[in-house]
Amino acid sequence: MVQVTFWGLYAIDREGIHPTRLDGILPPLLNHLWHSLVAVAVLIELLLVFHPFPRTLRVASTQFALSIVYTVLIVYLRQTTGKWVYPFLGKIPPPLIPVFFAGGFVLTLVLFFISKGLAYLRWGERITASIKGEVKED
């Protein structure tokens, strides 16, 4: 999620997500590793290690609750400090900020289904059985 959001926003407005003045603190190569390597590691783990998948409703409800808490925290910090934790949020028209956060929630679910599909391609019916609770983790 972080990788897709960061690099998408970076492509649209580099200064809004990672200003060039920060290149001295976080060089471009380190920034790239920081925001990309996690996705590579997750894909490698997905291919090498079987993990049972939880039911979709459980994932969606948990993700929704976490999204609400995260959004409330970000808005609370904006209200108390007068600054956005992520400066690019200041460039989004206020009525569209809830749309941005809702889009993030939807993106998380889309990435869940993509990972589930990739796991199914790698692990086959074992994934389906794990969702039904019929297979225990090795």
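Contact is taken here to mean heavy atoms within 4.5 Å. In the predicted model, Thr108 is located in helix H5. With residues up to four places away in sequence not counted, Thr108 touches Met1 and Gln63. The relative accessible area of Thr108 is 17%, and the residue is therefore buried, the cut-off for this class being under 20%.

Helix H5 also takes part in a crossing with helix H3. The axes of H3 and H5 come within 9 Å and cross at roughly 35 degrees, and the crossing is right-handed. On the H3 side, the contact is made by Leu43, Leu46, Leu47 and Leu48. On the H5 side, the contributing residues are Ser115, Leu118, Ala119, Arg122 and Trp123. Sorted by class, the contact of H3 with H5 comprises 7 nonpolar, 1 polar and 1 charged residues.

The buried residues of H1 are Gln3, Phe6 and Leu9. These residues cover an arc of only 150 degrees around the axis, and so they lie on the same side of H1. An α-helix has 3.6 residues a turn, so residues three or four places apart point the same way. The buried residues of H1 pack against H2, helix H3 (28–48) and H5. Ala11 and Ile12, on the other side of H1, are exposed.

The structure contains 2 salt bridges. One of them joins Asp13 to Lys91, with the closest N and O atoms 2.8 Å apart. Asp13 belongs to the loop between helix H1 (2–12) and helix H2 (14–17), whereas Lys91 belongs to the loop between helix H4 (56–81) and helix H5 (97–123), so the pair ties together parts that are 78 residues apart in sequence. The two partners fall into separate accessibility classes: Asp13 has 26% relative accessibility and counts as partly exposed, while Lys91, at 54%, counts as exposed.

A further salt bridge is formed between the side chains of Asp23 and Arg14, with an N to O distance of 2.9 Å. Asp23 has a relative accessible area of 22% and is partly exposed, since this class begins where the buried range, under 20%, ends.

Definitions and conventions. Residues are numbered from 1 along each chain as its sequence is written. This is a predicted model: local features need pLDDT of at least 70, side-chain atom pairs count only at pLDDT 80 or more; totals for chains, interfaces and linings use all residues. Side-chain values use heavy atoms; hydrogens and water are left out. A salt bridge is a side-chain nitrogen of Lys or Arg within 4 Å of a carboxyl oxygen of Asp or Glu. Helices (H or I, at least four residues) and strands (E, at least two) are DSSP runs, numbered from the N terminus. Buried means under 20% relative accessible area, exposed over 50%, partly exposed in between (1.4 Å probe, protein chains only). The arc is that of the directions from the helix axis to the C-beta atoms. Axes are lines fitted to C-alpha atoms, for helices over the stretch in contact, and angles run from 0 to 180 degrees between N-to-C directions. A crossing is left-handed if the near helix is turned anticlockwise from the far one by less than a right angle, and right-handed if clockwise. Ala, Val, Leu, Ile, Met, Phe, Trp, Tyr, Cys and Pro count as nonpolar, Asp, Glu, Lys and Arg as charged, and the others, Gly among them, as polar.
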